[in-house]
Amino acid sequence: MSATSETQAVVTRFAPSPTGFLHIGGARTALFNWLYARHNGGKFLLRIEDTDRARSTQPAIEAILDGMRWLGLDWDDQTHFQSEFAERHAEVAHALVESGHAYRCYLTSDELAQMRAAAEAERRPLRVRSRWRDCSPGEAPAGAPFVVRLRAPQDGETVIEDKVQGRVAVQNNELDDFILLRSDGTPTYMLAVVVDDHDMGVTHVIRGDDHLNNAFRQLAIIRAMGWPEPTYAHVPLIHGPDGAKMSKRHGATGVDSYRDELGILPEALFNYLLRLGWGHGDDEIISREDAIRWFDLDHVGRSPSRFDIKKLENLNAYYIREADNQRLAALVAPEIERLIGRPLGEDERALLVRAMDELKPRAKTLHELAEGGTFLFAARPLEMDERAASLLEGGASELLARAHAALSGLDQWTAAATEGAVRKLSEDAGVKLGQVAQPLRAALTGRATSPGIFDVLVLLGREESLSRMADVMTKQES
């Protein structure tokens, strides 16, 4: 029976191992825990499970904290580190020995190897049944190394009423006497996670369904200690487009990669991860506020979700269009500076902000947004890409010269005024508007695609626009 009640405050936790970046699956787990706690007015805790000292690194810890902050998943209390509680873990193991729920096991490595070989020969999983389970303390070899094993139940079954998976049962004779303390006295993950969850008052354990088998073993510890049982919710893993578990071969797997390499906004990834295995009717665009108001465990699906980068990019395009122009300009300015090879001046940064309304509709990522805005700051004479150069061939040079003359005579430099001049030119020349606009676009941007050409003219201004056109005309004459 779960120990949670209607009056008990909800406490969830995210407990990553600091052996690398914040994995996209871990981020989704953290998000679900955060949302469930916030929805219920409870607490969301962060515990770094750094007991594997050889593989745990400070850069990995910083990457996890950075990814959490970037996604806006704030946690309550201080950041907890599992390694700080090793003495407490050992204390619980010894208490289990004293109560008869655990025992000192003196099996040697050779004996364990023989057990493993026998299990492999019989094609069955290894379940340790130690002869030391029922020995008296007086039979222990003096001074010999030992581990502490849980005396797992052998009769009946263990049942979990999982909030996502439903009722799941395991026969107790399938559980082995797993190790709680190693021979050097250090706790195993299986013990440490149970003790920490209990001591931190965790009421709901929401995690990937690859931990479902662990839950049965952890419950054995919880019940042996007589502790309240948490509510479990084991969420299906995220799969790649091919249906296999998400891995590096599917591309980016770390949250930092989606931010730095793919140019995704945090609100877009937040929304996408939320909808990856959970739904609220047909709603696709879900704000942070609505996510907190609506989130529950009842609508988490039982089937694995497939990660679709195209869907994420389309969602990102929406959030780019909705984002504040000042914020977007600040995000893309460093990349534009890298692309053009120099810093932007104050006036240029202001121009970038003004250009956002024209640039945003054409971009799905921040990288595309930055790339789309570099023409504004390109050095003269512009370098033409191959398609732009082709637009300036043949009779286009004469139309460009006539456009230069028409635009030079304008009293006002507005989108309406420049459009009027170019339209009159196309009519007088007996050509379609595009036949004038395309060479004009190439001369002004060095590209065959850009925001609307009249918006480009206004953004660049009279002097820069006419100068860029003149550069091309001079080159054509030479």
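Here is a tour of some strands, some helix pairs and a few single residues.

**Before you start**

This is a predicted model, in which local features need pLDDT of at least 70 and side-chain atom pairs count only at pLDDT 80 or more, while totals for chains, interfaces and linings use all residues. Residues are numbered from 1 along each chain as its sequence is written, and side-chain values use heavy atoms, with hydrogens and water left out.

Helices (H or I, at least four residues) and strands (E, at least two) are DSSP runs, numbered from the N terminus.

**Stop 1: a three-stranded sheet**

Select β4, β5 and β8. They form an open sheet in the order β4-β5-β8, with antiparallel pairing. Two strands pair if DSSP finds at least two bridges between them. Which strands stand at the edges? They are β4 (102–105) and β8 (179–181); each has a single partner strand, so one side of each is left without a neighbour in the sheet. On average, neighbouring strands here are turned by 40 degrees against each other, direction ignored.

Now zoom in on β5 (residues 147–150) and β8, which pair in the antiparallel sense over two bridges. Colour R149 and you will find it opposite I179 in β8.

Next, pick A102, which lies in strand β4. Is A102 buried or exposed? Its relative accessible area is 3%, so A102 is buried (buried means under 20% relative accessible area, exposed over 50%, partly exposed in between, with a 1.4 Å probe and protein chains only). Leaving aside neighbours within four places in sequence, A102 is in contact (heavy atoms within 4.5 Å) with A93, L96, V97, V148, R149, L150, R151 and L180.

**Stop 2: a hairpin**

Select residues 157–162, strand β6, and residues 166–171, strand β7; the two run antiparallel and are joined by six bridges. The hairpin connects β6 to β7 through three residues.

**Stop 3: two helix pairs**

Two packed helices are described by the angle between their axes and the distance between the axes. Axes are lines fitted to C-alpha atoms, for helices over the stretch in contact, and angles run from 0 to 180 degrees between N-to-C directions.

Show α8 (residues 266–275) with α10 (residues 309–322). These helices pack at an angle of about 135 degrees, with their axes 9 Å apart. That makes α8 oblique to α10; angles under 35 degrees count as roughly parallel, over 145 as roughly antiparallel, 65 to 115 as roughly perpendicular and the rest as oblique. On the α8 side, display E267, A268, L269, N271 and Y272; on the α10 side, display K311, L312, L315, N316 and Y319, and you have the residues that make the contact. By class, the contact of α8 with α10 has six nonpolar, two polar and two charged residues. Ala, Val, Leu, Ile, Met, Phe, Trp, Tyr, Cys and Pro count as nonpolar, Asp, Glu, Lys and Arg as charged, and the others, Gly among them, as polar.

Then move to α17 (residues 433–445) and α18 (residues 453–477), whose axes come within 8 Å and cross at roughly 75 degrees. The two helices α17 and α18 are therefore roughly perpendicular to each other. Among the contact residues are L433, A437 and L440 of α17, and I453, F454 and V456 of α18. The contact of α17 with α18 has twelve nonpolar, two polar and two charged residues.

**Stop 4: single residues**

Most residues other than glycine have a negative phi, and most peptide bonds are trans. Start with D77, in the loop between α2 (58–70) and β3 (80–81). D77 is not a glycine, yet has a positive phi of about 65 degrees, and is partly exposed at 43% relative accessible area.

R123, in the loop between α4 (109–121) and β5, is not a glycine either and has a positive phi of about 55 degrees. R123 counts as exposed, at 81% relative accessibility.

Where is P381? Look in the loop between α13 (366–373) and α14 (386–390). A cis peptide bond joins R380 and P381, with omega about -10 degrees.

Finish at N214 in helix α6 (residues 212–225). N214 counts as buried at 16% relative accessibility, and touches Y189, M190 and R207, not counting residues up to four places away in sequence.
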